[in-house]
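We will go stop by stop.

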Amino acid sequence: MPELPEVETIKTILNGIVRGKTIADVHVFRAKNILSGAPAFVSSLKGETFLSVSRRGKYLLFHLTHDKVVISHLRMEGKYSEGKVGETPDKFDLVVYDFTDGTTLRYNDVRKFGVLELTDEASVFKTKALSKLGPEPWDLTEEDFYKGLQKRKNTKIKEALLDQTLIAGLGNIYDDETLYAAKVNPKRPAGTIRKEEAASLLKEARRILEKAIHNGGSTIKSYHPQEGVNGLMQNELLSYGQENKPCSRCGFPLRKIFIGGRGTVYCPKCQPYYGHPFIVGVTGPIASGKSTVSDYLVQKGYEKLDADGIVAELYQKPALQKRIAKLLGWQVLTNEGLDRAQMLRAIAENPKLKKRLEKVIHPLVFKEIEKKIRSMKGGKLVLDVPLLLDSPLEEECDLIIGVISSEKVQIARLVERGKDPEKSLAMNRHYPKGKLRKQAGILLATDGKKEDLYRALDPYDF
């Protein structure tokens, strides 16, 4: 979605296009996008002349004669372009203004989310769209910004910066860049932000937005300030869209998580989360070498939580044993407890049972791990979890280390452990290796010696 710099750039371009032009006709191809009603929109604008275009937050304001104003919000993919009267409209054109000089202004929106509203100069800032907008970064004092954050004390700072009633114009791209520049972790509650940190956030927001305006905004996906033209700010982004790349300050892999449904990229090292453990997740298929990696991190001062160890403890509980026996068959339960070999055999015979078992076990494992995380006020924690990806624990991790190895090496390890390679490797067939390669900040092949693995990890400041 275009943010303040993109909308400011478009505003400047539109002033060069529409200023002084008189509307001969208006064509509305999707009435529901005209919030003030399409018939009145068309009839009221005929014969009016565009005087100027201004901006408020992410909104464009078209000022016309007789104190009329058209408010336009581009949403995800709205864009304006010039044309000529009589040209066949594009199938995604929502509104076309025909001018008396034979030119047109087209509002095109592939996603059809953009909206327009006709109002007047006296009412423009009383409209629903603009009445609740907070100050823009340059109009907001450090003190008022700090107080605004304190009022949102339990809201994550990333979400607080997206709140247009607090500060207008910032969106996902420049939120990430501002937090990165100010070295503030996006997961921190806004109420934990100190006065000096609030001042730094506001200062960096202003600096970054000014730089983005100078560069014509960031062309991400569909934004183009003008046909055939790209913004250049995407070449300057240090955080947004840079997940798993080395941090430009410290070299540590940048991490992407989701906050409030929005992708968020940050540096776990440069943007520490005070009062919260630094968490590394180690994941990969069965017998891929996860324990070797997590044990090495233990040597570096990490506390380890092993999902397999937690499962083993859970399997000792009689109530859970009976629940699993009902699911897999009573042959898996002996006087000494659950028979793991029988469990693997049952799953091999009926692969659907694997997912059913996971639905029982995984929530219990995640609950135990989350309980441990909540009890820690700092420190370092490594999670050895085979099925970390897409679990609730994935978002907790500051770094994901993916571990892979050849099947030959996996078989050798399983034989050494006294496991049946065929049954164990059957569990690996559906492991999402492609997703692992995409999500892992560090991807390690563990076919070689332990010493080689340690050397691969040593350059990172754990």
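**Stop 1: a loop residue.** Select H66, which sits in the loop between β3 and β4 (68-73). Helices (H or I, at least four residues) and strands (E, at least two) are DSSP runs, numbered from the N terminus. H66 has a positive phi of about 60 degrees, although it is not a glycine. Is H66 buried or exposed? H66 counts as exposed, at 67% relative accessibility. Buried means under 20% relative accessible area, exposed over 50%, and partly exposed in between (1.4 Å probe, protein chains only).

Before moving on, note what you are viewing. This is a predicted model: local features need pLDDT of at least 70, side-chain atom pairs count only at pLDDT 80 or more, and totals for chains, interfaces and linings use all residues. Residues are numbered from 1 along each chain as its sequence is written, and side-chain values use heavy atoms, with hydrogens and water left out.

Stop 2: Select residues 50-56, strand β2, and residues 59-64, strand β3. The two strands pair in the antiparallel sense over 6 bridges. Two strands pair if DSSP finds at least two bridges between them. Which residue of β3 is the bridge partner of R55? The partner is L60. β2 and β3 form a hairpin, with 2 residues between them. Click on G57 in the turn: its phi is positive, about 60 degrees.

**Stop 3: zoom out.** Show the whole protein as a cartoon. The protein has 16 helices and 17 strands. Its radius of gyration is 28 Å, well over the 23 Å that the globule rule gives for 462 residues, so the protein is more spread out than a compact globule. The radius is taken over C-alpha atoms, and the rule is 2.2 Å times the number of residues to the power 0.38. Along its principal axes, the C-alpha trace spans about 90 × 50 × 40 Å.

Buried residues make up 51% of the 462 residues. Now think about contacts, meaning heavy atoms within 4.5 Å. Among contacts between residues at least 6 apart in sequence, 67% join residues at least 24 apart.

**Stop 4: the helix α5 residue.** Select L162, in helix α5 (residues 157-162). L162 is buried, with a relative accessible area of 19%. Leaving aside neighbours within four places in sequence, L162 is in contact with L170, G171, N172, D175 and R262. P318 and L162 are 156 residues apart in sequence and 48 Å apart in space, C-alpha to C-alpha.

Stop 5: Select E204, which lies in helix α7. E204 is buried, with a relative accessible area of 14%. Which residues does E204 contact, leaving aside its neighbours within four places in sequence? They are T178, A181 and A182. Next, select N244, in the loop between α7 (195-214) and β9 (255-259). Phi of N244 is near 70 degrees, a positive value in a residue other than glycine. N244 is partly exposed, with a relative accessible area of 25%.

**Stop 6: a buried tyrosine.** Select Y302, in the loop between α8 (290-299) and β12 (303-306). Y302 is buried, with a relative accessible area of 3%. Not counting residues up to four places away in sequence, Y302 touches F278, V280, L297, K380, L381, V382 and F462. V184 is 118 residues from Y302 in sequence and 23 Å away in space, C-alpha to C-alpha.

**Stop 7: a buried cysteine.** Select C397, in the loop between β15 (380-384) and β16 (399-404). At 0% relative accessibility, C397 counts as buried. Its contacts, not counting residues up to four places away in sequence, are R255, I257, Y266, I279, G281, L383 and L388. V382 is 15 residues from C397 in sequence, and the C-alpha to C-alpha gap is 8.9 Å.

Stop 8: Colour β16 and β17: the two run parallel, joined by 4 bridges. I401 stands opposite I442 in β17. In a regular strand the side chains alternate between the two faces of the sheet. Which residues of β17 (residues 442-445) are on the covered face, and which on the uncovered one? I442 and L444 are covered, while L443 and A445 are uncovered.
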